[in-house]
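Subject: Handover of the structure

Dear colleague,

I am passing this structure on to you, with notes on what was found in it below. Please read them alongside the model itself.

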Number of protein chains: 2
Amino acid sequence: MCVHNGCMNPGETLELTPVDAEACCEPSGQPSIDDYEAQLRASVFKALADPNRLRLLSIVRGSEGGEACVCDLTQPLNLGQPTVSHHLKILVDAGLLHREKRGTWAYYSLVPGAIERTTGLLESL
Amino acid sequence: MCVHNGCMNPGETLELTPVDAEACCEPSGQPSIDDYEAQLRASVFKALADPNRLRLLSIVRGSEGGEACVCDLTQPLNLGQPTVSHHLKILVDAGLLHREKRGTWAYYSLVPGAIERTTGLLESL
DNA sequence: ACCAAAGATTGATGAACTTCGATATGAGTA
DNA sequence: TACTCATATCGAAGTTCATCAATCTTTGGT
């Protein structure tokens, strides 16, 4: 059970990081992210883990003025309006899109810095 | 139906990009990624969309020598060995981890440039 | 050849997710 | 007020996913 790399060393009470106090076999390198951080970051990647949502981001980003309303988005994706609304809500909840209602229409745009913040979640793993 | 922004213009046969030849209402900005590209990229984000897989990447990255074997990974995550093997396979299939078998042990390490390539998938949306 | 240990694979179960049709909400208009 | 249109929400159906226990495969040692 994990004896090949010297963990379970009895003489050395190693300085446990706040992360993973119960772990013994993590091979004594850099501390890794804890479960809470992992869940936070995973929730953002979950929002990106659907091809239709990636296309929504792509279309919104490429639209003139940097914004698009739901009626502009249903046809290119070949999805029903409730489904598109659902996906947009997921992207908004993930902090990637911003929603602004003007009159009857709801305009969606990229949250400034959201892409950079997300790439940071990967680079700082 | 999408009449507020001038799509469905009858006089102009617009040069349809290979992407989305059937779309009419995408508001005439930059071309967006097609469904195939979206599925390719989503498959990578799907691999990242699980907290335990993010922790696996984090632990592997932080391990001495940049590699870790399965027995080093099951305990910190508090998951069974088959489950960890399953997650590792998903990360390997996504091109994020490399697997090298030495003796009885399987050592996993980050694929060089994988993180940068993944952030590129986001920035080029 | 036999045994033990590490890791992968299989099959099952419960949860989460995508999608849709139907309906509700809310703003603009006659 | 009544009507229409854009969007959001609800409920259901089908699919995918995470996890586990059990089993198989492979490697090293005796």
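**What was found**

Just after α3(A), A:Asn78 takes a positive phi of about 60 degrees. Please keep in mind that this is a predicted model, in which local features need pLDDT of at least 70 and side-chain atom pairs count only at pLDDT 80 or more, while totals for chains, interfaces and linings use all residues. Residues are numbered from 1 along each chain as its sequence is written, and chains are lettered from A and ligands numbered from 1 in the order in which they are written. Helices (H or I, at least four residues) and strands (E, at least two) are DSSP runs, numbered from the N terminus.

Within helix α3 of chain A, residues 70-77, the buried positions are A:Asp72, A:Leu73, A:Pro76 and A:Leu77, where buried means that 20 or more other C-beta atoms, placed from the backbone, lie within 10 Å of the residue's own. Seen down the helix axis, these buried residues fall within an arc of 110 degrees, so they line one face of α3(A); the arc is that of the directions from the axis to the C-beta atoms. They pack against α2 (51-62), β1 (67-69) and α4 (81-93) of chain A, contact being counted when C-beta atoms, placed from the backbone, lie within 7 Å.

In chain B, three strands form an open, antiparallel sheet in the order β1-β3-β2, two strands being paired if DSSP finds at least two bridges between them. Its edge strands are β1 (67-69) and β2 (97-102) of chain B, each of which pairs on one side only. β1(B) and β3(B) are joined in the antiparallel sense over three bridges, and B:Glu67 has B:Ser109 in β3(B) as its bridge partner. Helix α2 of chain B (residues 51-62) packs on this sheet, touching β1, β2 and β3 of chain B, and its direction makes about 95 degrees with that of β3(B); axes are lines fitted to C-alpha atoms, for helices over the stretch in contact, and angles run from 0 to 180 degrees between N-to-C directions.

Conventions. A residue is buried if 20 or more other C-beta atoms lie within 10 Å of its own, exposed if 12 or fewer, and partly exposed in between; C-beta atoms are placed from the backbone. Two residues are in contact if their C-beta atoms, placed from the backbone, lie within 7 Å.
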